[in-house]
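Welcome! Have a look at the sequence and the fold, and then read on.

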Amino acid sequence: MSTFTLMSLGYDALWHGQAVAAAYADNLDLHELAIARVSTIHRTRFEAIGAPFPDAPDSAVPLHTFSVTLSTAPHDDETESLPVVGDWVLLDAHPDHTVLLAILPRRTYLDRPSATRISTAQPVAANVDALCIVEPVFPEPSVGRIERYVALARSSMCEAVLVLTKTDLCSADAFEDYRSSLGRDVDAVHTVSVDSLASIADFYASLTGKTAVLLGRSGAGKSTLVNTMLGDTYFSGAPGTIPQVVSGVRASDGKGRHTTTSRHMLVGKHAVVIDTPGVRALAATTDPHAIDETFTDISVLAAKCRYTDCAHRSEPGCAVREALGSGLLDAERFDRYQRMRRESENQRLRADERAYREQNRRFTKANKSGRRTLMRAKGRSR
């Protein structure tokens with residue numbers, strides 16, 4: 001097996017400087033610390049991959065794994081206080097136990113909005129360079145699902161890469177049509193097939209030096225893709241992760257079952273890859289600017305409307321309505337844009353309501369505690 005170092009994890013001079021600053025801020029002795037990257041999250045613990053704190057970012061010290069028990073965080077209602085896959089962390093590693101000391105500031109943060117009315121967004125990964133949208137060409141790919149993933153990438157400030165799988169199951173004409181029509185909003189398009197190992201090798205090579213997270217529905221071929229890319233040259237904080245178990249799909253509709261059940265990070269020869277469970281329902285991001293960046297053609301047209309607050313209904317001088325009437329703008333694409341914007345606004349309002357209720361709950365709890373303390377001080381405790 002190849003020797004993996006901190007640089008294989010994406011460690012560089014910037015991360016080294018942030019780690020040193022975090023250690024000095026908390027008066028920590030660098031020589032007693034380890035620097036690591038979270039690879040898997042469990043209910044009460046997490047695994048991380050790293051090494052003793054190096055003198056320089058290009059240290060050749062081999063990697064090893066850490067298992068860290070999660071204690072009650074001081075602000076466990078805040079996402080920033082809990083690690084997610086891809087986080088860089090400072091650890092106090094003892095022979096019998098390892099303690100989490102600090103989470104370094106994240107360069108990017110990717111979460112998945114909940115498709116239900118009551119759940120909050122689920123963290124996916126941190127410090128990701130590329131969001132790889134794994135979409136099969138059979139059954140027919142969903143342009144709406146791809147657009148939602150692209151909006152997530154724009155919101156998280158990482159690249160949006162479309163990976164079309166199972167290309168051996170469609171005709172050449174259909175394949176070229178998918179490639180041109182589905183790739184309009186992404187930064188790169190790759191087509192892969194298990195019958196063409198060269199296509200998978202080319203995709204893997206394009207990720208060199210990056211951290212990539214693979215997202216897509218069940219049965220899209222994510223686990224098969226990871227197995228083929230990494231082979232037996234990888235490093236994982238969770239023993240036995242590769243090869244991944246893969247499941248078949250129903251011949252009637254091409255739908256699959258959940259194969260990957262948790263998010264985990266794998267260090268490969270060329271790149272760091274984060275595999276994720278299949279997503280059956282994907283809600284819109286709460287970031288309206290990310291949606292506008294996904295539908296750039298509509299945003300450009302909207303900027304030409306007579307009124308800056310044009311709703312694109314019956315207002316005079318609406319460039320969007322004119323483009324729809326002339327056929328320059330596809331009506332179905334505009335409908336998907338409007339639905340995503342409406343859903344995004346509803347998601348944001350629900351998130352604000354949850355934040356308000358949580359803040360009110362904490363205030364009420366603190367107020368009751370304060371009153372009891374005051375009553376005891378006055379000798380009238382009940």
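A disulfide is a pair of cysteine sulfur atoms within 2.5 Å. With that cut-off in hand, we can turn to the cysteines of this predicted model.

**Cysteines without a bond**

How many disulfides does a search of the whole structure find? The search comes back with zero. C305, for instance, is in no disulfide, and the nearest cysteine sulfur, in C318, is 3.9 Å away. The sulfur of C318 has its closest cysteine sulfur in C310, at 3.7 Å, which is too far for a bond because a disulfide needs the two sulfurs within 2.5 Å. Both ends of the C305 and C318 story are out of the way: C305 counts as buried at 9% relative accessibility, and C318 counts as buried at 3%.

**Aromatic pairs**

Let us move on to the rings. Searching the whole structure turns up five aromatic pairs. One of them joins F4 and F235: the ring centres are 6.3 Å apart and the planes stand at 65°, so this pair is edge-to-face. F4 sits in the segment before helix 1 (13–25), while F235 belongs to strand 12 (residues 234–236), so the pair ties together parts that are 231 residues apart in sequence. F4 is buried, at 5% relative accessibility, and F235 is buried as well, with a relative accessible area of 16%.

W15 and W88 make up another aromatic pair, a tilted one, with 6.0 Å from centre to centre and 40° between the planes. Since W15 lies in helix 1 and W88 in strand 4 (residues 88–93), this pair ties together parts that are 73 residues apart in sequence. Both tryptophans, W15 and W88, are buried. Together with Y11, W15 and W88 form one aromatic cluster.

**Nonpolar cores**

Where do the nonpolar residues gather? The largest nonpolar core has 50 residues, and I35, L90 and L131 have the most contacts inside it. Helix 2 (residues 143–156) gives the most to this core, with five residues. Leaving aside neighbours within four places in sequence, the contacts of L131 include L110, Y149, L152, V161 and L215.

**Two residues with positive phi**

N27 has a positive phi of about 55°, and H312 has a positive phi of about 60°. N27 is found in the loop between helix 1 and strand 1 (34–41), whereas H312 lies in the loop between helix 7 (296–302) and helix 8 (319–326). The table sets out how accessible each is.

| Residue | Relative accessible area | State |
|---|---|---|
| N27 | 72% | exposed |
| H312 | 10% | buried |

**How confident is the prediction?**

Finally, a word on confidence. The chain averages a pLDDT of 84, and 82% of the residues score at least 70. Over residues 73–79, however, the pLDDT is below 50, and this stretch has nine contacts in the model beyond near neighbours in sequence. The pLDDT also stays under 50 over residues 240–258, for which the model has 45 contacts beyond four places in sequence.

How values were computed. Residues are numbered from 1 along each chain as its sequence is written. This is a predicted model: local features need pLDDT of at least 70, side-chain atom pairs count only at pLDDT 80 or more; totals for chains, interfaces and linings use all residues. Side-chain values use heavy atoms; hydrogens and water are left out. Rings of Phe, Tyr and Trp (its six-membered ring) pair if their centres lie within 6.5 Å; planes under 30 degrees apart count as stacked, over 60 as edge-to-face and the rest as tilted. Helices (H or I, at least four residues) and strands (E, at least two) are DSSP runs, numbered from the N terminus. Buried means under 20% relative accessible area, exposed over 50%, partly exposed in between (1.4 Å probe, protein chains only). pLDDT is the predictor's confidence in each residue, from 0 to 100. Contact means heavy atoms within 4.5 Å. A nonpolar core is a set of buried Ala, Val, Leu, Ile, Met, Phe, Trp, Tyr and Cys residues joined through side-chain atoms within 4.5 Å.
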